[in-house]
Amino acid sequence: MSETSPSRHQLLIDGKWVDPVEGGTVDVFNPSTGEKLAEIAAGGPRDVELAVQAARRAFDDGPWRRLPAEARARILHRFADLVEANADEIALIDTQDCGKPYAFIRDIDLPNMADLLRYMAGWTTKLEGRTIPLSRQNPGDFFSYTRRQPVGVVAQIIPWNGAALAAVWKLAPALAAGCTVVLKPAELASLAPLRLAELAVEAGVPDGVVNVITGTGADAGAPLAGHPQVDKVAFTGSVETGKRIVVAAASNLSKLTLELGGKSPNVIYDDADLDIAVDGVLGAVLYAQGEACTAGSRLYVQRNVYDEVQTRIAARVPEIKIGPSAERGVLVGPMISDQHRSKVKTFVEGALSDGAEIIAGGAQTREPGYYLEPTVLGGVVDDMTIAREEIFGPVVSLMPFDDEAEVLRRANDTTYGLAAGVWTSNVGRAHRFAEAVNAGAVWVNCYNVFDAALPFGGFKQSGWGKEMGGEALDGYLQSKAVTVSLA
């Protein structure tokens, strides 16, 4: 697989590819090499204004929300077909842009993206209301029913980790509902969302329905989130940025869905199949080199198997292939940037100062590029920063526990609530854990299993609302009550 040469990209506004009003660009670098990969347009407030107005016209006066549901479904199916037909290209663009290993994008993300577009296409003909008998009126006097209608213009702000997947997770339900969109990718990884926007246009999405503004969060993301003509903001990213999005959207009372960070507990009981569990918990924290909101970074191991699990994990880490994300067989690619790698290393150094120890890994490897060896920490206690804050890197903390009540209490002692995992052969224990743990996604003897039909979203400070599944559509629809006098 050869790398693409440096290229320049434009903004998509009202069906046309245009340069930003002020003409600036942002350099994008390949994290595997540190070399310049591309230039993207640096959109600003005036570009946001043009994009929002295009989306507003497309919603208010355009055909999209008025199309027969089956016609919208056909376009979404065509979009899915194009994603599949261009899967190799999209995966290569995304892996070079964000550093997530190619195999994960090509074999996991791309099938999920096509599946989600088709799943949401199926929902277009099923966005039904209800007939409601009134409780205090004579049955023959009134006929009342509800309609589910698109919420309007949606600002969608997505992160740099797995940008292609994040874009489709946002676009699919919005388009199925009949909304129009202004998509703002992260400046560190905009190339795959731009290519997907091209495919959406090719699939037949009308002008103005999908608009893309690239650039920095300050210059493009902030004015988009606070724009008075935006009816809803859908954001994926950090808790800190999510709170700023809430403040910006509050000025207009825009509706919100937020998919934020996590500090996910992963629990191994002494009756677990350790061959499966050890590989599973490593995958849970090393998927996308830990740059994943679901990363199982708090690993609780029952005390009487703790030493064995620690030994097995320490033996496995040196076997994990680290390298350029487009290289075959790589399981851990580079961090998104040298700045982010330094931030992760600072967390590890702080843990060592607090009394933790490195059991395996931890070295900065392979220059050039932004690589960090998977890092396994022991001697961690629950009140250490490394056990409280999201690291967003290939770092896992091993901590022993004694009994079920204890580990549930410790697992829930966090401001986050995105995901959790448990490894056990005791079916009752598995269900008790799934019921009691405060997390929006719980995996039993597996981890990071996603499906278009399965809703995903967090509790507590991990977010509001859901991605995927039928519940994702709730964030893009509003219900209207209609009452007709029959007198």
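W123 is partly exposed, at 26% relative accessible area, where partly exposed lies between buried (under 20%) and exposed (over 50%), with a 1.4 Å probe and protein chains only. Y119 is also partly exposed, at 24%. Both belong to helix α4, four residues apart, and so are separated by about one helical turn; helices are DSSP runs of H or I with at least four residues, and strands runs of E with at least two, numbered from the N terminus.

This is a predicted model, in which local features need pLDDT of at least 70 and side-chain atom pairs pLDDT 80 or more, while totals for chains, interfaces and linings use all residues. Residues are numbered from 1 along each chain as its sequence is written, and side-chain values use heavy atoms, without hydrogens and water.

Rings of Phe, Tyr and Trp (its six-membered ring) pair if their centres lie within 6.5 Å; planes under 30 degrees apart are stacked, over 60 edge-to-face, and the rest tilted. The count by this rule is ten aromatic pairs.

W443 is buried, with a relative accessible area of 5%, whereas F450 is partly exposed at 28%. Ring pairs join W443 and F450 with W169, Y447 and F456 in a cluster.

Charges also sit over rings (NZ of Lys or CZ of Arg within 6 Å of the ring centre and within 35 degrees of the ring normal). The charged end of R65 lies over the F59 ring, 4.3 Å from its centre, and that of R429 over the Y269 ring, 4.1 Å from its centre.
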